[in-house]
Amino acid sequence: RAACPAGIDTSYFARRIESGNFIGAARVLREVNPFSEVCGVLCPAERFCEKACNRLDFSDRPVRIRELHGWVCGHVSRFEGWDRSVPRPNGRSVAVVGAGPAGLSCAHYLARLGYGVEILEKAKKPGGMLSQAVPAFRLPDEIVEREIEGLTLPGMRFQFGTSLGGDVSVADLEEQYDAVFLAPGLGAGRKLKLDGMEKTGAMDALSFLRLLHGKKKGKVGKNVLVIGGGSVASDAALTALHLGAEKVSMV
């Protein structure tokens with residue numbers, strides 16, 4: 001538990017799985033993380049909880065915490081694994097800017113406390129990077145949709161096609177709401193400032209993933225070079241292969 005960035009009580013949810021209480025296990029996870037099924041797919045648990053697992057004292061493999069995490073949340077029905085009880089409205093309203101994981105998590109917990117929440121998102125659907133950039137072969141769209149449907153409670157309202165700094169300002173929101181939570185996310189990828197870069201067909205990995213998200217065909221070169229070695233770079237490399245590149249090199 002101490003090794004988990006979200007502070008999830010791993011032994012508690014595992015014991016519930018062991019006893020067959022799958023709904024209870026999913027609710028334990030979602031008490032602290034409404035995107036538990038997503039984390040069951042994407043979380044680099046080998047760097048966190050699984051690295052600190054007591055099973056390594058007598059085995060070369062830890063408990064498969066991440067897989068259990070994702071399995072139990074996907075196994076129960078889309079509403080059973082959530083505590084969806086909400087109190088009477090408290091009469092206060094909060095504006096949440098951004099419908100990515102941070103904004104939706106904030107809105108979910110505020111709604112469970114009785115607040116009215118208006119979620120402003122410049123895209124046409126919620127999810128942020130989960131629904132715009134992470135490739136579907138790594139995170140299936142139905143998982144993201146299932147998580148968002150489950151965490152959306154009465155008192156949460158969405159306003160799509162609304163951008164901060166364009167359609168509304170922070171000052172406007174402060175006048176209309178009791179509080180404002182800013183979670184606009186990472187709007188742009190990073191580019192290297194190298195001589196001659198503008199003459200090449202180079203683009204940042206985030207823009208590449210967004211442009212080709214959900215597509216089975218796309219125009220990529222035969223030989224693709226990816227600069228970087230993190231998760232975004234890996235997603236870009238695999239996406240290029242899926243779209244027909246003959247060779248992908250990572251540096």
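This is a predicted model: local features need pLDDT of at least 70, side-chain atom pairs count only at pLDDT 80 or more; totals for chains, interfaces and linings use all residues.

Started with the largest nonpolar core, which has 22 residues. I looked up who touches the most other members, and got F35, V96, L104, I119, L139 and M156. Then I checked which elements give two or more residues to this core: they are β1 (93–97), α5 (101–112), β2 (116–121) and α7 (141–151). Helix α5 hands over the largest share, 5 residues.

Next, the overall picture. I count on 10 helices and 6 strands in the protein chain. The C-alpha trace spans about 60 × 60 × 30 Å along its principal axes. Of the 251 residues, 37% are buried.

Then I went to the end of the strand list. Strands β5 (residues 223–226) and β6 run parallel, and 4 bridges join them. Which residue of β6 is the bridge partner of L225? I found S249. I also checked the handedness of the unit that β5, helix α10 (residues 231–242) and β6 make, and wrote down right-handed for this β-α-β arrangement.

Together with L192, L194, I227 and V251, L225 makes a nonpolar patch of about 500 Å². V251 sits in the segment after β6 (247–250). Is V251 buried or exposed? I have V251 down as exposed, because its relative accessibility is 62% and the cut-off is over 50%.

Two single residues were still on my list.

R30 first. I placed R30 in helix α2, which covers residues 22–30. An arginine made me curious about cover, so I looked it up: R30 has a relative accessible area of 4%, which is under 20% and therefore buried. I also took a distance from R30 to W71, 41 residues apart along the chain, and their C-alpha atoms are separated by 13 Å.

N90 next. N90 lies in the loop between α4 (65–75) and β1. For a distance I picked D195, 105 residues apart from N90 along the chain. How far are the C-alpha atoms of N90 and D195 separated? I got 57 Å.

Conventions:
Residues are numbered from 1 along each chain as its sequence is written. Side-chain values use heavy atoms; hydrogens and water are left out. Patches are made of residues with over 30% relative accessible area and no salt bridge: like charges are joined within 9 Å, nonpolar side chains (Val, Leu, Ile, Met, Phe, Trp, Tyr) within 5 Å. Accessible areas come from the Shrake-Rupley method with a 1.4 Å probe; for residues, only the protein chains shown count as cover. A salt bridge is a side-chain nitrogen of Lys or Arg within 4 Å of a carboxyl oxygen of Asp or Glu. Buried means under 20% relative accessible area, exposed over 50%, partly exposed in between (1.4 Å probe, protein chains only). Two strands pair if DSSP finds at least two bridges between them. A crossover is right-handed if, with the strands pointing away from the viewer, the path from the first strand over the helix to the second runs clockwise. A nonpolar core is a set of buried Ala, Val, Leu, Ile, Met, Phe, Trp, Tyr and Cys residues joined through side-chain atoms within 4.5 Å.
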